[in-house]
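Dear colleague,

I am handing over a structure for you to look through, and my notes on what was found follow below it. Please read them with the structure open beside you.

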Amino acid sequence: MAEVQQHGQHYGHQQQSPTDAIKSMLPDRGPTASQVIAVVTLFPLGGFLLILAGLTLAGTVVGLAVATPVFILFSPVLVPAALTIGLAVTGFLTSGAFGLTGMSSMAYILNYLRQIFGKIAQQLSEKVQQMPDQMESAKRRVQDTAGHLGQRTKEVGQQTARGTQETART
């Protein structure tokens with residue numbers, strides 16, 4: 001026995017009792033108040049749901065046991081009826097899915113167009129607000145150009161009059 005203890009100490013291992021080994025795996029602190037409340041609340045709920053699942057399974061097994069002979073007797077009628085009902089349900093679900101997809105696509109396009117037209121309307125509004133300033137600027141340029149043109153016409157007229165007077169003198 002002494003050899004085992006020396007061998008264990010040689011490799012740095014300590015001999016632990018099984019109780020100490022289990023205690024070392026447990027956390028140092030106990031559960032918090034919220035953890036206790038969660039367990040107290042959810043444990044009965046989980047148990048109740050487990051009982052409901054068992055009752056549902058039992059009811060399904062009993063129902064299947066009772067209905068199996070009926071299914072066997074009426075299978076020439078029930079199989080085509082089940083296929084017809086299954087195809088009808090599939091058709092309705094597919095139609096609904098296509099309708100939902102179409103509506104969501106149309107809503108996306110409508111929102112996209114609203115954003116675009118909103119930006120266009122905002123830009124148009126800004127341009128309309130800038131228009132009076134631009135009109136005033138254009139009016140001033142026309143007046144300046146007219147004044148300059150009038151001055152230039154007056155100068156050309158005076159030069160022509162001088163030229164005519166000089167030719168008349170000669």
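**What was found**

The span of residues 85-110 is 100% helix and 0% strand, and its end C-alpha atoms lie 37 Å apart; helices (H or I, at least four residues) and strands (E, at least two) are DSSP runs, numbered from the N terminus. This is a predicted model, in which local features need pLDDT of at least 70 and side-chain atom pairs count only at pLDDT 80 or more, while totals for chains, interfaces and linings use all residues. Residues are numbered from 1 along each chain as its sequence is written, and side-chain values use heavy atoms, with hydrogens and water left out.

Of the 170 residues in the protein, 1% are buried (under 20% relative accessible area, with exposed meaning over 50% and partly exposed in between, using a 1.4 Å probe and protein chains only). The accessible surface of the protein comes to about 15600 Å², and 69% of that belongs to carbon and sulfur atoms; these areas come from the Shrake-Rupley method with a 1.4 Å probe, and for residues only the protein chains shown count as cover.

M106 sits in helix 3 (residues 33-169), and M106 counts as exposed because its relative accessibility is 56%.

Best wishes
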